[in-house]
Amino acid sequence: MAQAKGALAAEYEPAAALGRRRSVRAPVSLDARVGRGGLDRALCRIVDLSLHGARLRSYSELVGGSHIWLSIPKLGQRAARVAWADGFEAGLEFVMPLREDEFEMLTSD
């Protein structure tokens, strides 16, 4: 069957497979710290993690749309954007995604 002029063909993964997520999330329980420009570090706990982001619970409220530094155990600081915030829980999108080996290290028991 010939394609119509201007039509695009592409393989895709059904949206239902990952929901709105770009990568699989894994449940974790990692103590971490949140800060801006190396200052005002606050404790938090990463409760799930993916290559592209994390969900965390903090002791201070974060503001959606703000940019922060997340200090992750064994990895150091990662720049992230607060994608959403609801009280003391927030979803982050990493500026630079984690590498597969970093993700495996943090999610393996």
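Select tryptophan 84 and glycine 91 together: tryptophan 84 stands opposite glycine 91, which lies in strand 6. The model is a predicted one.

Strand 5 and strand 6 (residues 89-94) are paired in the antiparallel sense, with 6 bridges between them. The two strands form a hairpin with 2 residues between them. In the turn, select glycine 87, whose phi is positive, at about 65 degrees.

Now turn to the other pairing of strand 5 (residues 76-86). Strand 4 runs antiparallel to strand 5 and is joined to it by 6 bridges. Select isoleucine 72 and find its bridge partner in strand 5, glycine 76. The hairpin of strand 4 and strand 5 has 3 residues between the strands. Select lysine 74 in this hairpin to find a positive phi near 70 degrees.

The last stop is serine 66. Serine 66 is located in the loop between strand 3 (53-58) and strand 4 (67-72). Is serine 66 buried or exposed? Its relative accessibility is 15%, and buried means under 20%, so serine 66 counts as buried. Display the side chain of serine 66, which reaches the backbone oxygen of valine 63 at 2.6 Å. Then show the surroundings: which residues does serine 66 contact, leaving aside its neighbours within four places in sequence? With those neighbours set aside, serine 66 is in contact with Arg36, Ala80, Arg81 and Val82.

Conventions: Residues numbered from 1 in each chain as written. Predicted model: local features only at pLDDT ≥ 70, side-chain atom pairs only at ≥ 80, totals over all residues. Heavy atoms only, no water. Helix = DSSP H or I, 4+ residues; strand = E, 2+ residues; numbered from the N terminus. Buried < 20%, exposed > 50% of the residue type's maximum accessible area, 1.4 Å probe, protein only. Polar contact = N/O pair within 3.5 Å; in protein donor to acceptor, adjacent residues only side chain to side chain. Contact = heavy atoms within 4.5 Å. Pairing = 2+ DSSP bridges.
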